[in-house]
Amino acid sequence: MEQSNNPTYTKTLVIAAAIAFFMLLTRGSHVLTSVSLPDASLALLLMGGLYLRKSAWFAFFVVLATAIDFGAAAIDSFQAFCLTDGYWGMLPTYAVMWLAGLWLSKQANSLDALKFALAGLVATFLAFVISTQTYYLFSGRFPNNGLIETMQYGWNYLPSYMGFTAMYLVAFWALVKTLPKLDFVKSHTNNVA
């Protein structure tokens, strides 16, 4: 059977396209419009791990996020401020979110409120620590006095970092729970290797 006629393959492509669309819509500041939505990348990566699972999709979304960041920096030099050696910390940051989604996909009830909330909160907090610390330790923009001192930097961003990601995850969870046709996590993930 041709892959394009396979319902699981079609669902996978629709999910990947939706994640890519929302990443393009929310990632970074937009130079084309005056409206800028909070970045949904972390929530989208968790959803990618939940639905898509394959490491090739993870690599695709890491490349997409990086291309968006470097493209925005090419258009607006202010966006290049974070593109330092510390930017490499985004790879494990994204991996934490993807792995949380992957872990959820292997649970008996992937969208159980407690499991979903716990996975989202723990992964987002770990992602924050990784991204913040790698930026402050390796960007070259701050005095490198060690891990304890760098933990003092950036913590004022924790509420918005956690809040925006939680907002998107709650919206996704509520949408899937409200519209049962979207609740195909278990049937979909069982067919995706």
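In which helix is Gly-101 found? Gly-101 is found in helix α4, and the views below, taken from a predicted model, start from the whole chain and return to this residue. Residues are numbered from 1 along each chain as its sequence is written. Because the model is predicted, local features need pLDDT of at least 70, side-chain atom pairs count only at pLDDT 80 or more, and totals for chains, interfaces and linings use all residues, while side-chain values use heavy atoms, with hydrogens and water left out.

**Figure 1. Overview of the protein chain, with 8 helices and 0 strands.** The order along the sequence is α-α-α-α-α-α-α-α. Helices (H or I, at least four residues) and strands (E, at least two) are DSSP runs, numbered from the N terminus. Of the 193 residues in the chain, 41% are buried; buried means under 20% relative accessible area, exposed over 50%, and partly exposed in between (1.4 Å probe, protein chains only). The accessible surface comes to about 10600 Å², with 70% of it belonging to carbon and sulfur atoms. Accessible areas come from the Shrake-Rupley method with a 1.4 Å probe, and for residues only the protein chains shown count as cover. Among contacts (heavy atoms within 4.5 Å) between residues at least 6 apart in sequence, 74% join residues at least 24 apart.

**Figure 2. The largest nonpolar core, with 42 residues.** A nonpolar core is a set of buried Ala, Val, Leu, Ile, Met, Phe, Trp, Tyr and Cys residues joined through side-chain atoms within 4.5 Å. The members that touch the most other members are Leu-52, Phe-61, Tyr-94, Phe-116 and Phe-172. At least two residues of this core come from each of α1 (7-26), α2 (41-51), α3 (55-75), α4 (90-105), α5 (113-138) and α7 (158-178). The largest share, 8 residues, is supplied by α2. Beyond its neighbours within four places in sequence, Phe-172 is in contact with Met-47, Leu-50, Tyr-51, Leu-111 and Phe-116. In soluble globular proteins, nonpolar side chains tend to be buried together.

**Figure 3. Helix α2 and its contact with α7.** Helix α2 is largely enclosed by the rest of the structure, because 11 of its 11 residues are buried. Among them are Ser-41, Gly-48 and Gly-49. The axes of α2 and α7 come within 8 Å and cross at roughly 40°, which makes α2 oblique to α7. Axes are lines fitted to C-alpha atoms, for helices over the stretch in contact, and angles run from 0 to 180 degrees between N-to-C directions. Angles under 35 degrees count as roughly parallel, over 145 as roughly antiparallel, 65 to 115 as roughly perpendicular and the rest as oblique. On the α2 side the contact involves Leu-42, Ala-43, Leu-46, Met-47, Leu-50 and Tyr-51, and on the α7 side Tyr-161, Thr-165, Tyr-168, Leu-169, Phe-172 and Val-176. By class, this contact has 11 nonpolar, 1 polar and no charged residues. Ala, Val, Leu, Ile, Met, Phe, Trp, Tyr, Cys and Pro count as nonpolar, Asp, Glu, Lys and Arg as charged, and the others, Gly among them, as polar.

**Figure 4. Arg-53, in the loop between α2 and α3.** Arg-53 is not a glycine, yet its phi is positive, about 65°. Most residues other than glycine have a negative phi. Arg-53 is partly exposed, with a relative accessible area of 22%.

**Figure 5. Ile-19 in helix α1.** Ile-19 is buried, with a relative accessible area of 5%. Residues up to four places away in sequence aside, Ile-19 touches Leu-44, Met-47, Gly-48, Leu-52 and Phe-61. From Ile-19 to Ala-43, 24 residues apart in sequence, the C-alpha to C-alpha distance is 9.6 Å.

**Figure 6. Helices α4 and α5, with axes that come within 8 Å.** The axes cross at roughly 170°, which makes α4 roughly antiparallel to α5. Residues of α4 in the contact include Met-90, Pro-92, Thr-93 and Trp-103, and those of α5 include Lys-115, Phe-116, Ala-127 and Ile-130. The contact has 13 nonpolar, 3 polar and 1 charged residues. Thr-93 of α4 is buried, with a relative accessible area of 0%. Its contacts, leaving aside neighbours within four places in sequence, are Leu-42, Ala-127, Ile-130, Ser-131 and Tyr-161.

**Figure 7. Gly-101 of α4 beside Gly-49.** Gly-101 counts as buried, at 0% relative accessibility. Not counting residues up to four places away in sequence, Gly-101 touches Leu-46, Gly-49 and Leu-50.
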